[in-house]
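Here is a short briefing on packing and charge pairs. Keep the structure open while you read.

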There are 2 protein chains.
Amino acid sequence: VIQARQLTIIGPGLLGASVGLGLKAVGYAGRIVGVSRRRSTAERARQRAAIDDVAEDFAPLRDSQLAIVCVPLGAFRATFTAMAKHDHDALVITDVGSTKQSVLADARAALPAPRRFVASHPMAGSEQQGPGAAKADLFQGKPCILCPQADTDPAALGEVETLWQTLGMAMTRMSPAAHDRATALASHLPHAAAVLLIQTLLAAGEDEAWAVASTGLCDTTRLASSNPPMRADIIHANREPLRQALGAYEQAIARLRTLLDRDDPAELTAYLEQARDARQQWLARREQST
Amino acid sequence: VIQARQLTIIGPGLLGASVGLGLKAVGYAGRIVGVSRRRSTAERARQRAAIDDVAEDFAPLRDSQLAIVCVPLGAFRATFTAMAKHDHDALVITDVGSTKQSVLADARAALPAPRRFVASHPMAGSEQQGPGAAKADLFQGKPCILCPQADTDPAALGEVETLWQTLGMAMTRMSPAAHDRATALASHLPHAAAVLLIQTLLAAGEDEAWAVASTGLCDTTRLASSNPPMRADIIHANREPLRQALGAYEQAIARLRTLLDRDDPAELTAYLEQARDARQQWLARREQST
């Protein structure tokens, strides 16, 4: 069970407020405080009973034993710096950021005791945003990646692991570099591919292309409709792994061009079968694990 | 109304059998004959009452006034050649092929009177295949592109237009080159992008990437699970427009790389907003037109 008697959620938006709702749904008896730059966000989270109390500064950290940072990636450095003034030996800190090398670098640079910080990436989300879209079961059955470091405090690691397990998440551990490479390939590259498809159609400037576009384009580009500032933040924080993933993608395009040039339908079919089979196998593994 | 008293469907699979079911649903009184290389396909279509009669050769064309070619793109040339022996002045021919320059080239090369051939692309389909998946309303409300040529017989064009309108389709006309450029951008490039994403993950060989992959990758790569031989056929037939679309896509990647290098989150956000807005506007236009 979670040891913390008071828990502070910094940024009670979709993810932060869902942590609050989820903990209350499973009977967490401690106090939950929400800290937000925007009063309206925290008020909405309190209305939904995701948090018990609203604060506009980090003073509640003094009496908290656990803090969950749910701010945009670009705000981590400033948030950690502001938290530092209220840090104390009994405080465990974690986060929900989509990239881990940048967050850990910010933690090392700004927190007095980075060993009490445990980097987490609970892989849950939604097209929607804000505490209004929060759900008690948002994290249920989803994967959560922890990136403990050599000097991470074992008790802090245990508390953070318990937090996500309490919310029903399936835990995995990775190095921050492996995490960032993996999310660049599996999440940021697909987002980029979707945006690039729309940008290619825009650049072509052919009305006919939009006229014939159908469900295929719609599904393939769904990610291009996700929140631009949030996505820009993620791309920026993970730009080096994304650059490498784009390089691998360009190599794949070069190989497809070779197949087009060779003009051998059987070889092209085998290439498409290889991709279809890999996708189906992944979907089958995913089905099994949930 | 459709003038033909007998209609021959060549290849009564998903699309062909859906034409039969759709026409019967709106009270078409003529006879519908299905021609298939595979006896089992035609028998299944007859069991479903999509066709009245099964034939294994093209003799029924003699007594037909309309023929709809629903074979894979790679089989058009041989199909037209076999049809030529039974062609006659009262026969109108159309097709459902996904590319139009290749089909028109095959028609010009193999049909005795290409002016009685009207190239069509009814933009309907499904993940499924075969007459078992056919539906009377498969074409309802979907776009259908006609590519009439300078010498196309006006009566033939009228009959084919009536056919698709009877099935509830929204008609558009384009040149075959514009059609093939448009489908390369809006359909074949998204399919390629999906396959390339899976191939990139395969080539990376990182288990972590598959482990963190979620609904984003799933949606973006849905097209990678579509039928490989059919897709290879389409890619092969439309390889030159697809090459050009891939070139435009590579230019878009180069522009994204420039944005990553410039390291300006505001500029990156504007780029993502441009794509999101273009996609939302397309979806809104699409909503209005159906």
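The points below cover the nonpolar core and then the salt bridges.

This is a predicted model, in which local features need pLDDT of at least 70, side-chain atom pairs count only at pLDDT 80 or more, and totals for chains, interfaces and linings use all residues. Residues are numbered from 1 along each chain as its sequence is written, chains are lettered from A and ligands numbered from 1 in the order in which they are written, and side-chain values use heavy atoms, with hydrogens and water left out.

**Nonpolar core**

- A nonpolar core is a set of buried Ala, Val, Leu, Ile, Met, Phe, Trp, Tyr and Cys residues joined through side-chain atoms within 4.5 Å.
- Buried means under 20% relative accessible area, exposed means over 50%, and partly exposed lies in between (1.4 Å probe, protein chains only).
- The largest such core has 131 residues. Phe80(A), Tyr249(A), Phe80(B) and Tyr249(B) have the most contacts inside it.
- Leaving aside residues up to four places away in sequence, Phe80(A) touches Val69(A), Ile93(A), Val103(A), Asp106(A), Ala107(A), Ala110(A), Leu111(A) and Phe117(A). Contact here means heavy atoms within 4.5 Å.

**Salt bridges: count and network**

- A salt bridge is a side-chain nitrogen of Lys or Arg within 4 Å of a carboxyl oxygen of Asp or Glu.
- One network of salt bridges links Arg31(A), Arg39(A), Glu43(A), Arg46(A), Asp53(A) and Glu56(A).

**Within chain A**

- Arg108(A) and Asp151(A) form a salt bridge, at 3.2 Å from N to O.
- This pair links distant parts of the chain, 43 residues apart. Arg108(A) sits in helix H4 (residues 101-110), and Asp151(A) in the loop between strand S8 (143-146) and helix H5 (154-166).
- Helices (H or I, at least four residues) and strands (E, at least two) are DSSP runs, numbered from the N terminus.
- Arg108(A) is partly exposed at 42% relative accessibility, and Asp151(A) is partly exposed at 33%.

**Between chains A and B**

- Arg257(A) pairs with Glu250(B) in a salt bridge, the closest N and O atoms being 2.9 Å apart.
- The pair crosses between chains, from helix H10 (residues 239-262) of chain A to helix H10 (residues 239-262) of chain B.
- Arg257(A) is partly exposed at 23%, as is Glu250(B) at 26%.

**Within chain B**

- Glu43(B) and Arg39(B) meet in a salt bridge at 3.0 Å, N to O.
- The two are separated by about one helical turn because they lie four residues apart in helix H2 (residues 39-47) of chain B.
- Glu43(B) is partly exposed at 23%, and Arg39(B) is partly exposed at 40%.
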